[in-house]
Amino acid sequence: MIEGVVDLWPSELAVPDAENAPVTILRQQAAILRARTANIVQGEVATAAEVRYAARDKTARGTVDRLSTVLSGFDPNDVEIPTGGVVHSFYLRVPTLSNYRYRLLTATHSEEAYPVTVSYEDERTECTNEKEFMDRLKQIFGNKRTLRIIQTLQAQATTDQK
Amino acid sequence: MNFLLWNIGRRPLADTIRRLVVQHDVDILVLVESNIAPGAVVQALNADGPADFDFSPSQCLKVQLYHRFSSNFVTPIFEGHRFSIREVSLPLMETFLLAVAHLPDKRNFRDGSQTQEAFRFAEEIRKAETEVGHRRTVLVGDLNMNPFEEGIVGTEALHGVMTRAIAARGERRVQGRLPPMFYNPTWKHFGAGEEEPPGTYYSERYEGVCYFWNLFDQVLIRPTLIPFWRDRSFRILSKVGDDSLLNRRGVPDRQRYSDHLPIVFELDFPQGVAL
């Protein structure tokens, strides 16, 4: 506290225990994956600001079209507009295979943690709370394709060189 | 922090490595001439305990680096064909440079060629030190030269000297240049062997000059790190558990293990203290 300065913030600023943010859950699962594969396949979570591209944005369309006419080489697809959301990418990383990385899924949400949209292959699923998010992750982790990828990576990493 | 270096001579020794790492509580493992898939080594190292051990991928395929912390803490600074220089930045600890190497061997290269490679290695270490802005450097490797050879001792080469007192000078003016020194604590163990083997590699060739035992596997540290060197911790290992790494003639058992013996040592890096 700074003496003589009035604190205008409410008392409930601390993170509530009740609900874990998607990034927390993803990091926990990344740590578990590490342990379960003896550190061969590591989960890695990278977070970035979510963007949409101007070319697909109705409100930006007019400006983008005008710019296209006056600037040679201008590509509306290059223009990124921050949406205010964040996207967490969950990678499978294998240091012993020259740091090979495979993006397994992404989880996108706005300034608030939930709802969160999970993208896995071509499917997008909206999860409105922590339980739905955990259930969706369990489905993805248990998916035959996911298992096959992890098993293949482990096999490649542990096969001796000739 | 405990280090172990071993040239395993392309032998399938993952389980022996695991036993050594457990026995000597190793934090950083440097393997030379390893054909074992790095994943298989990581799997072996993490077989019994928490999955702490990780591997740092490198463009230098002649030396493999494993450590009891995430590879996120290890940054490549320079990668060569025979050596790699990386910066290790652990939380609450001063960063340090770790230079690992497998320099050309005597079977296929003349002394002069070996010395040339040492020149290049030394030059890249000096450049890396300039780049990161410090000289907290640990050099570990199978250098294929004995501590007294030109490639190790020469001022334009690694400039490794035999005593702490000389190394503490830091650098030495020769021909107008001031190359920095390394302290080579390995030197005093050459031929010392009552309680340990007199070297790490044995070679008995039919020629006039023969050293029999050689100490090719070495650690050199910059003088800044001398206060953290634990002299008694350095050992040339001849056993893993109760099993001898030597054969009946008392030289490295290349049939069962490797033609080189491993070395271990400790650097007691202070936590959160500026060096």
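**View 1. Chain A at a glance.** Of the 162 residues of chain A in this predicted model, 35% count as buried (under 20% relative accessible area; exposed is over 50%, partly exposed in between; 1.4 Å probe, protein chains only). Four helices and five strands make up its secondary structure. These are DSSP runs numbered from the N terminus: helices are H or I of at least four residues, strands E of at least two. Their order along the sequence is α-β-α-β-β-β-β-α-α. Take the contacts (heavy atoms within 4.5 Å) between residues at least 6 apart in sequence: 55% join residues at least 24 apart. The accessible surface of chain A is about 10,600 Å², by the Shrake-Rupley method with a 1.4 Å probe, with only the protein chains shown counting as cover for residues. Carbon and sulfur atoms hold 52% of that surface.

**View 2. A strand-to-strand salt bridge in chain A.** Glu44(A) and Arg101(A) form a salt bridge, 2.5 Å from N to O. The term means a side-chain nitrogen of Lys or Arg within 4 Å of a carboxyl oxygen of Asp or Glu. Glu44(A) lies in strand S1 (residues 42-53) and Arg101(A) in strand S3 (residues 100-109) of chain A, so the pair links distant parts of the chain, 57 residues apart. Arg101(A) is partly exposed, with a relative accessible area of 41%. Over all chains, the whole structure has 26 salt bridges.

**View 3. Where chain B meets chain A.** Chain B brings 20 residues to the contact, chain A 17. About 1,300 Å² is buried between them, and carbon and sulfur atoms give 50% of it. Buried area is the accessible area (1.4 Å probe) that two parts lose on being put together, summed over both. Asn35(B), Ala51(B) and Pro57(B) supply 29% of what chain B buries against chain A, more than any other three residues.

View 4. One salt bridge joins chain B and chain A. Its partners are Arg34(A) and Asp54(B), with the closest N and O atoms 3.7 Å apart. On the side of chain B that touches chain A, helix H2 (38-45) and strand S3 (54-56) of chain B are the elements that give two or more residues. H2(B) gives the most, with five.

**View 5. Salt bridges within chain B.** Arg136(B) pairs with Glu94(B), the closest N and O atoms being 3.2 Å apart. Each sits in a loop: Arg136(B) between helix H3 (111-132) and strand S8 (137-142), Glu94(B) between strand S6 (83-88) and strand S7 (96-102). Arg136(B) is buried at 10% relative accessibility. Glu124(B) and Lys127(B) meet in another salt bridge, 3.5 Å from N to O. Both lie in helix H3 of chain B, about one turn apart. Glu124(B) is buried at 10%; Lys127(B) is partly exposed at 46%.

**View 6. Around Thr155(B).** Thr155(B) lies in the loop between helix H4 (150-153) and strand S9 (160-161) of chain B. Thr155(B) is buried, with a relative accessible area of 14%. Not counting residues up to four places away in sequence, Thr155(B) touches Arg126(B), Arg172(B), Val174(B) and Pro179(B). Arg126(B) also belongs to a salt-bridge network with Glu123(B), Glu156(B) and Arg177(B).

**Notes.** Residues are numbered from 1 along each chain as its sequence is written, and chains are lettered from A and ligands numbered from 1 in the order written. Local features need pLDDT of at least 70 and side-chain atom pairs pLDDT 80 or more, while totals for chains, interfaces and linings use all residues; side-chain values use heavy atoms, leaving out hydrogens and water.
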